[in-house]
Every structure is written in structure tokens, then in C-alpha cells.
Amino acid sequence: MAVTVAEVLGVTYDPLLVGELVESYEQAQRNFYLGGHRLSAVEGGRFCEAAYRLLEFATSGVYTPLGGNLDTEGVTKRLQSLPAANHPKSIRVHIPRNLRLVYDIRNSRDAAHLADGIDPNLQDATLVVGVLDWVLAEFVRLSGGTTPDHARALVEGLVTRRVPVVQDFGEFQKVLRPDLRASDRILVVLYRRGTRGAGYPELTEWMPSSARANLRRTVRALDEKALVHSAQDVVRITYAGEKSVESRGLLDPL
């Protein structure tokens with residue numbers, strides 16, 4: 001079974017477009033968390049160009065070649081004119097409208113705000129990465145490239161808050177704050193994992209060697225404080241745990 005967003009989308013859509021979409025998405029997210037807010041908007045525009053082409057492909061089987069002149073207004077009008085019985089409203093209306101918003105920010109927001117002395121890049125980049133999350137999740141949800149349960153898990157992973165203090169290396173969760181004690185390391189990786197939680201073998205692998213011997217004791221202490229819930233050898237963060245992570249500034253990688 002396909003296990004990544006790219007693999008799921010590649011079952012239904014052109015792999016070249018999927019690669020462009022996912023790469024620009026990842027770059028926009030990376031730029032945002034490294035402070036390159038203007039670059040996030042630029043990658044957002046690149047993401048939109050790939051997404052418009054995916055919409056063309058989903059509705060007609062062909063798309064404007066990469067590098068070719070993409071008529072986004074024309075694509076939007078054609079999508080809106082499609083019979084409602086043939087394609088979901090997200091394909092015809094919702095996704096194109098969200099793409100238009102990101103595209104317009106990429107093309108004109110800086111110039112429009114030069115006179116007021118306020119740099120809009122952070123607020124714009126925050127909006128852009130949120131829209132990109134939603135659009136990519138919609139493509140996954142509608143793709144039919146995997147089982148409904150797996151698609152739901154991928155969507156939940158996409159729309160879960162990003163955690164800059166934790167960097168993914170495949171399935172390995174690297175905590176970027178060596179100063180954090182073991183209990184806080186557990187909380188931030190579980191915050192990143194969201195509803196999936198993590199099993200003890202995973203938590204053991206992600207912890208430094210000095211914290212592994214007492215891992216279960218540390219989890220029990222967190223469970224007693226209602227910061228996590230442990231059941232059937234899977235540990236998940238609670239609402240109280242999420243609040244603790246946020247209020248104490250544990251998401252900051254610096």
C-alpha cells in the first residue's frame with residue numbers, strides 16, 4: 001500500500017506534477033520555519049502552478065506543460081463550468097479559489113504594502129502555508145489512491161500543527177533542543193505525531209541513550225499528570241499535554 005503523500009497522489013495523477021507539487025510544498029514549509037517568509041510565498045506560487053495543472057489533469061486527462069504559459073483564469077473558468085454531477089465542488093470551486101488567493105499574494109502583496117511601512121511577509125507566509133496544507137490534503141482526500149483510513153491518516157498528518165523543534169528524517173523524529181529533559185522530549189514528539197501517537201519502540205529510538213532506561217517510568221509520570229494517555233503500548237498526547245507544550249514555548253527550535 002502507498003505510504004506517503006507523493007505515492008498516494010501518484011496513483012491517480014501524473015507523477016511529474018505530483019513531484020513538482022510535493023517538492024514546492026516541502027520547500028514552502030521549510031522556508032517558513034527557517035524565517036524565509038518571502039520565499040514561502042514564492043514557493044506557494046510554484047505550488048499553485050502545479051496544483052492548477054493537477055486540476056486540469058483530474059478533469060480532462062491533459063494539462064499545460066511545465067514551463068508553458070499557464071492561463072490560470074481560463075483554467076478557473078473552465079473548472080467552474082463543469083457539470084456538478086461530474087466532479088466534486090472542491091475540484092470545481094474550492095481549490096481554485098484558494099489557489100487564486102495564494103497566487104495573488106505571490107504576485108502583488110509586497111508592492112501593495114510598501115507605502116504603509118509594515119512588512120506583510122510573515123502574515124502572508126502564515127496564510128500561504130495554511131492554504132497549502134488544506135489544498136494538498138484535499139488532493140489526498142479526493143485521489144482514491146489509497147484506502148479511506150490511510151487517506152484520513154495522511155490528511156490528519158498534513159493539517160496537524162507543524163512542530164519546528166522536531167525534524168523528520170523519514171520515520172525518525174529528531175528533537176532539535178538538546179537542552180530538553182526526557183519528559184519534554186516525549187511531549188514534543190507526541191505533539192508532532194498528533195492522533196497517531198507513538199509506540200514504545202519508536203519513543204525509545206527517538207530518545208537519547210541516557211533517557212531510554214527510564215522511558216516507561218517517565219511516560220507513567222506524564223500519564224499520571226494527564227499530559228499523555230498510554231494504552232496498549234501506544235502513547236498519545238492529551239489536550240492538557242498540548243497546552244503545556246505551547247504555553248512553555250517548547251515548539252521553538254532555538
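**A charge over a ring**

Select Arg-216 and Tyr-200: the charged end of Arg-216 lies over the ring of Tyr-200, 3.8 Å from the ring centre. Keep in mind throughout that this is a predicted model.

**The three-stranded sheet**

Next, select β3, β5 and β4. In that order they make up an open sheet of three strands with antiparallel pairing. Its edge strands are β3 (198-199) and β4 (228-231), each of which pairs on one side only. Strands of a sheet pair through backbone hydrogen bonds, either parallel or antiparallel.

Now show β3 together with β5 (residues 234-237). The two strands run antiparallel and are joined by two bridges.

Helix α8 lies across β3, β4 and β5, and runs at about 85 degrees to β5.

Within helix α8, select Ser-183. Is Ser-183 buried or exposed? Its relative accessibility is 16%, so Ser-183 counts as buried, the cut-off being under 20%. Leaving aside residues up to four places away in sequence, Ser-183 touches Thr-218 and Leu-222.

**The largest nonpolar core**

Move to the largest nonpolar core, which has 37 residues. Select Leu-9, Leu-21, Phe-47, Leu-99, Phe-139 and Val-140, the residues with the most contacts inside this core. The elements that give two or more residues to the core are α1 (5-12), α2 (15-33), α3 (37-60), α4 (72-80), α5 (89-112), α6 (121-143) and α7 (148-159). Which of them gives the most? It is α6, with eight residues.

Centre on Leu-21 and display its surroundings. Not counting residues up to four places away in sequence, Leu-21 touches Leu-9, Phe-47, Ala-50, Ala-51, Leu-54, Leu-136 and Phe-139.

Another core, of 26 residues, lies apart from the largest one. To find this other core, select Leu-187, Leu-190, Ala-198 and Val-219, which are among its residues. In soluble globular proteins, nonpolar side chains tend to be buried together.

**Aromatic pairs**

The structure holds four aromatic pairs; two of them are visited here, including that of Tyr-25 and Phe-47. Select Tyr-25 and Phe-47: the pair is tilted, with 6.3 Å centre to centre and 45 degrees between the planes. Tyr-25 lies in helix α2 and Phe-47 in helix α3, so this pair ties together parts that are 22 residues apart in sequence. Both Tyr-25 and Phe-47 are buried.

Then select Tyr-52 and Tyr-103. This pair is edge-to-face, with 6.1 Å centre to centre and 80 degrees between the planes. Tyr-52 is in helix α3 and Tyr-103 in helix α5, 51 residues apart, and the pair links these distant parts of the chain. Tyr-52 and Tyr-103 are both buried.

**Last stop: an arginine in α4**

Finish at Arg-78, in helix α4. Arg-78 has a relative accessible area of 48% and is therefore partly exposed, since exposed requires over 50% and buried under 20%.

Conventions. Residues numbered from 1 in each chain as written. Predicted model: local features only at pLDDT ≥ 70, side-chain atom pairs only at ≥ 80, totals over all residues. Heavy atoms only, no water. Core = buried A, V, L, I, M, F, W, Y, C linked by side-chain atoms within 4.5 Å. Buried < 20%, exposed > 50% of the residue type's maximum accessible area, 1.4 Å probe, protein only. Helix = DSSP H or I, 4+ residues; strand = E, 2+ residues; numbered from the N terminus. Contact = heavy atoms within 4.5 Å. Phe/Tyr/Trp six-rings, centres within 6.5 Å; stacked < 30°, edge-to-face > 60°. Lys NZ or Arg CZ within 6 Å of the ring centre and 35° of its normal. Pairing = 2+ DSSP bridges. Axes fitted to C-alpha atoms, helices over the stretch in contact; angles between N-to-C directions.
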